[in-house]
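Here are my notes on the model, point by point. Please read them with the structure open.

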Amino acid sequence: MKNKMEEIDQLIKDTLSKEEAAFYDSLEEQSLFDMVFGLFKGKNAWFLIVTNIMTLLFLGLFVYCCIQFFTVESVEALIKWGFGSALFLLNVCMLKIYAWMQMDKNAVLREMKRLELQIMSLSGKIQINSKQSAC
């Protein structure tokens, strides 16, 4: 399967111009670290920086609530600190899920761009073949 994909990729690269082939190469599958650092590029980079700062803040508050939970002795205080720790942990989880969804969105967009290049490549081949058969 991998060999067939490499053959298809090579066929596509052969039909593209040098600039288009370089762009096609930049759309290769990324590693996890590339995907994470790719979140901080583009128009919404500032928002993801803010969400990561908020995640660190919520994580710190979660740890503080957990420490307080284990040091208090009254049941009412246990419930308050336990609820606070659960709330902050939920916020951390939600912000991390948002970041993972953004990484998935970027991967889908990258694949859509690859498909667009493949369609453009095929349409160029069809136009060339139709001109040759018309002559």
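1. Start with Phe47. Its relative accessible area is 34%, so Phe47 is partly exposed. The cut-offs matter here: buried means under 20%, exposed means over 50%, and partly exposed lies in between. Keep in mind that this is a predicted model.

2. Phe47 has an aromatic partner, Trp46. Trp46 has a relative accessible area of 56%, so Trp46 is exposed.

3. What do Trp46 and Phe47 form with Tyr98? The three make one aromatic cluster.

4. Look next at Phe69 and Phe70. Their ring centres lie 5.2 Å apart and their planes stand at 85 degrees, so this pair is edge-to-face. Is Phe69 buried, partly exposed or exposed? Phe69 has 28% relative accessibility and therefore counts as partly exposed. Phe70, at 68%, counts as exposed. Across the whole structure, a search finds 5 aromatic pairs.

5. Now the surface. Leu32, Phe33, Val36, Phe37, Phe40, Ile49, Ile53 and Trp100 make a nonpolar patch of about 830 Å². Helix H3 (32-38) and helix H4 (45-71) are the elements that give two or more residues to this patch. Which element gives the most? H3 does, with 4 residues.

6. Ile49 is one of the patch residues. Ile49 sits in helix H4.

7. Step back to the fold. The protein chain has 5 helices and 0 strands. Along the sequence, the pattern reads α-α-α-α-α.

8. How much of the protein chain counts as buried? The figure is 21% of the 135 residues. The accessible surface of the chain comes to about 10300 Å², and 69% of that surface belongs to carbon and sulfur atoms.

Terms used
Residues numbered from 1 in each chain as written. Predicted model: local features only at pLDDT ≥ 70, side-chain atom pairs only at ≥ 80, totals over all residues. Heavy atoms only, no water. Patch = residues over 30% accessible without salt bridge, like charges linked within 9 Å, V, L, I, M, F, W, Y side chains within 5 Å. Areas by Shrake-Rupley, 256 points an atom, 1.4 Å probe, with all protein chains shown as cover. Salt bridge = Lys/Arg side-chain N within 4 Å of Asp/Glu carboxyl O. Phe/Tyr/Trp six-rings, centres within 6.5 Å; stacked < 30°, edge-to-face > 60°. Buried < 20%, exposed > 50% of the residue type's maximum accessible area, 1.4 Å probe, protein only.
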